[in-house]
Amino acid sequence: MIGSLFGRGMGLLAWLGGIGLAAGPADGAAAGPFVRPPYAGAYEPQGVDERGLWMDLDEFERDLGQSPGVVRDPGLNAFVRQVLCDTVGADRCGALRCYIVADSRFNAFMAPNGMTVIYTGLLARLHSQAELAGVLGHEFAHFERRHSLAGALRQRSAGNWSAWISLLGVLTAVRTGAVRQELQIGLIAFTRGQEGEADALAARLVEGSRFRLAMAAVWRRAIEEDDALRREKGLRRVRHDITSLADDHPADGQRMAMFAAEELRVGSRGLDGGAEYAAATEPELPLLFAALVRGRDFAVADYVLRSRGEALGWSGALLTLRGDLFRLRGHPRDLVTAEELFGQAIAAGRAPPEAWRGLGLVQLRRGNAAGKAALASYLTLAPSAADAPLIRNLLDSGP
Amino acid sequence: MRRVRHCGLLWIVRTLALAGLVTASPALAGWTLVPAGQTVVVGQLKLTPPTAWNAQTGSTARGVAWTHDGFELNLLEVTVTRSGEPLYRERHRRRGVGGVLPPQFALIDLVDLFESGFRAGSGATVFVIEQASPAKLAGLPAVEIRYRFSLSEDALPSRGLVRLAIIGDAVHAINFTAPALHYFDAGQEEARRIMDEARI
């Protein structure tokens, strides 16, 4: 079978074997604590393929550095970088650069040249330093194992094979679609295998760090979020514990199960860092949630907001964001909910000025003239707000 | 991380390729010339541009899209949206729409609705309102919004100027967008003149 040519590699076992952990947890033996191999110094690309790949990525990173989508808050960036360094080790961390990018999707990646990109949608969905460590450990595993280079070479090889087979089929009048499809399936399986390896290595890295291994909850919430989205959109529910031929990642349920087993083995030792995570991300909550709240997926945004509130507490800013979510959807019962949420935000203290703005707008929509007082409070708290001229005009326009 | 479409090198390469394909697509669209001084009717608005514009035919459901140098460099859209319709066509239609006009809405609501609709329609990952102020459109009360945005596919910062008004039973919007570097400043004066001189 041609597909067998692209089966899972033995790279991870070889790596673990090199540091004396070839007898991993699968055989039930009590493995010692994970010890990172000695750091050999900054890695340089080898060969024309890898040098070409790094050159392209260096250029991409230069553009990314100028992008207005990059979040430059120094506190948040320092926090994320510290978690990364604590997870992979300070020696390895020196070669890595972190960029937080405004994007509502749950994603992050680490490129072969050490560029690390974390989406704000990811930060909105995580609840602790431990969870962030698991994600960053996964991305570091791709970098350490040079998965992208291997994947690019595989894809080029598969592409070459596919082109030659297609030409052969034309010359011999033989159908080659099935063979080329099998090449693609093999490539996807290879990529899926890499993701599984990265998860396994991430578990080891977190185990060897000061953080608790806590990734099963992340994948559980991903499943619940997807189910909420499908319910809202009337889409067919899917099973989260099996993969199809087209899945280039393990299923979320498989990842949850793998990490749950690892967490059972490792135990609950290590720092969770929920309070620290909440404190570090609180100042940028509007940025982390802006695209979600003002996007098109109400169920997803509400699920992510509620899960953070239930895990880390409902701050005035978080209540205001949820109030805006309901206000923007704007059904009659949503306006009632929004008014309650804005009221809770204000009562909780330290609510952002947007809480008074949202309360005022909702009250006016519901025909309650008290909304003007709330909007006046908003202007007092934020006289230079972008929409201040519009709000002032509204207040000046009469009763 | 979760979807290899966004994971590592493969995502970057595919994204760059897709961006190239998208920018190459205008050759497939139909175009007509709107001569300087010709009056064009969109919904209840009559517009008379002071210079000639290239108008894309059949590209918008309810309005017109004009450009001088290509949509990536300057884009003037005039749209008419009724209650229950989205201000901007959803990029991913299976996932629903954003910025749908509710049955009852006030001028102040147009700021949030425009942002939601524009984010959904353009896929902007960064959208910041610089100023929202009262204005006039065809002599009627309107909202003028100045904003900046960027799309997920590129690092180019862009700016926009939109004026929205409720005329009859529909929201009429004239929206000008262009890259922040040179093109927005070069084109906003004419865009503003078209908005100022629009009439019913």
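Predicted model: local features only at pLDDT ≥ 70, side-chain atom pairs only at ≥ 80, totals over all residues.
In chain B, strand 4 (residues 53–57) pairs with two other strands. With strand 1 (residues 30–34) of chain B, the pairing is antiparallel and extends over five bridges. Within this pairing, Thr32(B) has Ala55(B) of strand 4 as its bridge partner. Strand 4 also runs antiparallel to strand 5 (residues 63–67) of chain B, to which three bridges join it.

Across all chains, the structure contains 39 salt bridges. One of them, in chain A, is formed by the side chains of Asp86(A) and Arg210(A), with an N to O distance of 2.8 Å. Asp86(A) belongs to helix 3 (residues 74–88) of chain A, while Arg210(A) is in the loop between helix 8 (177–207) and helix 9 (216–233), so the pair ties together parts of the chain that are 124 residues apart in sequence. Arg210(A) is partly exposed, its relative accessible area being 42%.

Two further salt bridges are found in chain B. In one, the closest N and O atoms of Arg159(B) and Glu130(B) are 3.2 Å apart. This pair links distant parts of the chain, since Arg159(B) is in strand 9 (residues 158–167) and Glu130(B) in strand 7 (residues 124–137), 29 residues apart. Arg159(B) is classed as buried because its relative accessible area of 19% falls under the 20% limit. Glu130(B), at 29% relative accessibility, counts as partly exposed.

In the other, Glu144(B) and Arg163(B) form a salt bridge whose closest N and O atoms are 2.8 Å apart. Glu144(B) lies in strand 8 (residues 140–151) of chain B and Arg163(B) in strand 9, the two being 19 residues apart. Glu144(B) is buried, at 9% relative accessibility, and Arg163(B) is also buried, at 3%. Elsewhere, salt bridges with shared partners join residues of chains A and B into one network: Arg294(A), Asp324(A), Arg327(A), Arg357(A), Asp387(A), Asp112(B), Glu115(B) and Arg119(B).

Glu263(A), in helix 10 (residues 252–266) of chain A, is buried but has no salt bridge. The nearest side chain of opposite charge, that of Arg212(A), is 5.4 Å away, and a salt bridge requires a distance within 4 Å. The side chain of Glu263(A) instead reaches the backbone nitrogen of Met215(A), at 2.7 Å.

Leu171(A) is located in helix 7 (residues 147–172) and is exposed, with a relative accessible area of 65%.

Note on methods: Residues numbered from 1 in each chain as written. Chains lettered and ligands numbered in written order. Heavy atoms only, no water. Pairing = 2+ DSSP bridges. Helix = DSSP H or I, 4+ residues; strand = E, 2+ residues; numbered from the N terminus. Buried < 20%, exposed > 50% of the residue type's maximum accessible area, 1.4 Å probe, protein only. Lys, Arg positive; Asp, Glu negative; His and termini not counted. Polar contact = N/O pair within 3.5 Å; in protein donor to acceptor, adjacent residues only side chain to side chain.
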